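Dear colleague,

Please find the structure below, together with its sequence.

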Amino acid sequence: MALPPRYHAGLGQVPTETRILDADTPMRRRTWLKDLPPGAADWERLVASSPGFFAAWSALEDELWRSVDPTILRLCRARMAILLGVPGQRALTRDEKRDVSSLTRQKLAALAQWPYSPLFAPVERTCLSFAEQFVLDVTGIDQSMVDALLEHLSPADCYSFTYALWCFEAMERVCLVLDVELPPTAAAVHRAELSG
Amino acid sequence: MPPRIPLPHDRPNSLGVPDVTELFPSGWAAWRRAYVVLRELDSVDPVTKELVRIRNARRQKCELCMSLRSSDSLAAGADEETLEQVDHYEDSELLDLQKAALRLADAYLTPTPVSPALAREIRRQLSPDQIVEILLRLVHWSNNKVMVALGLDGDDLSRQVYDP
């Protein structure tokens, strides 16, 4: 069982509620940044404000999905969203709902119990523990947490996994600040671009 | 602090911290393409950008980022007295626009949804382009979390000027 993460003083208990939104529900519009370019959803409008950056960002996310275990990425991304206080998260796109294994969907639904649930493999628990500390207080990560990762991942994989955490968390923060609903994966960005 | 992961070599990069591009070359190549676009955004003045960058640097306690000063902010007149105000900006003599940018940065760093009152204040001081640019630059600068997590942000670094 993974050790509980070290939280920043004052943050208290880790949120445990998991609100996974249905992938088929239309994305919403309610950002306070009203002057974004037009688009069907707030995310598309944000992308339209800097299309070159977001096209490159989408390519970066594609690279991360190719380089890091996608199940681990889905679990960590969903868990980080919960900790960041994202009101509700779409862990899967409409296409992924069809294609992602039922075991992965069970794990997503059971994320609040990851330290104890037998659904989660040791590597998944270790990565989730690291991801939690990364988002709550990166200065609380110490050598023992990195060593735990290195028991399962090569140094290069450890680096690309941490890089992925930054990538997903950073854009989640942008969307939280702007009250924009973030699509689950880069695939959704591509679809927004194609439909725009 | 020393690196927390084994590295393929011990050559530092131009800023004096471990060169890690070989650990994830495809990721770095992809990020560079995004950074090329980000560099061209110019709605925010250099001093305001530097204040936001330092706010992030101190929040993440990134040794490298705290040691750096951008050449364009220095050329625009930023000095240490100005930049030190980032730690107590609400009570400082920074411009209202700069304070709004720092409040936006703090909303990103905490993170917290922006209240209607704060949204009105931010929109009063900053254009939509400036708001988006500040947030995308914070995405870039918060990459220092990867360095901090893995002990790659250097140790005992002297103050150095860099070209953004």
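**Chain B: contacts and overall form**

In chain B, 72% of the contacts between residues at least 6 apart in sequence join residues at least 24 apart, a contact being heavy atoms within 4.5 Å. This is a predicted model, in which local features need pLDDT of at least 70 and side-chain atom pairs count only at pLDDT 80 or more, while totals for chains, interfaces and linings use all residues. Residues are numbered from 1 along each chain as its sequence is written, chains are lettered from A and ligands numbered from 1 in the order in which they are written, and side-chain values use heavy atoms, with hydrogens and water left out.

Chain B has 9 helices and 2 strands; these are DSSP runs numbered from the N terminus, helices being H or I of at least four residues and strands E of at least two. From the N terminus on, the order is α-α-α-β-α-α-α-α-α-α-β. The radius of gyration of chain B is 16 Å, close to the 15 Å that the globule rule gives for 164 residues, so the chain is as compact as a globular protein of that length. The radius is taken over C-alpha atoms, and the rule is 2.2 Å times the number of residues to the power 0.38. Along its principal axes, the C-alpha trace of chain B spans about 50 × 30 × 30 Å. Of the 164 residues in chain B, 52% are buried, that is, under 20% relative accessible area, with over 50% counting as exposed and values in between as partly exposed (1.4 Å probe, protein chains only).

**Chain A**

Chain A has 9 helices and 0 strands. Buried residues make up 56% of its 196 residues. Residues 24 or more positions apart account for 71% of the chain A contacts with a separation of 6 or more.

**I5(B)**

I5(B) lies in the segment before α1 (25–40) of chain B and is buried, with a relative accessible area of 4%. Leaving aside residues up to four places away in sequence, I5(B) touches V146(A), L150(A), P155(A), C158(A) and Y159(A), as well as L23(B) and L150(B). The C-alpha atoms of I5(B) and L150(B) are separated by 6.5 Å, although the two residues are 145 apart along the chain.

Axes are lines fitted to C-alpha atoms, for helices over the stretch in contact, and angles run from 0 to 180 degrees between N-to-C directions. A170(A), R173(A), V174(A) and V177(A) of α8(A) meet L104(B), A107(B), Y108(B) and L109(B) of α6(B).

Within chain B, the axes of α6(B) and helix α7 (residues 116–125) come within 9 Å and cross at roughly 135 degrees, which makes α6(B) oblique to α7(B). On the α6(B) side the residues are D96(B), L97(B), A100(B), R103(B) and L104(B), and they meet L118(B), E121(B), I122(B) and Q125(B) in α7(B).

Yours sincerely

Key: Parallel < 35°, antiparallel > 145°, perpendicular 65-115°, else oblique.
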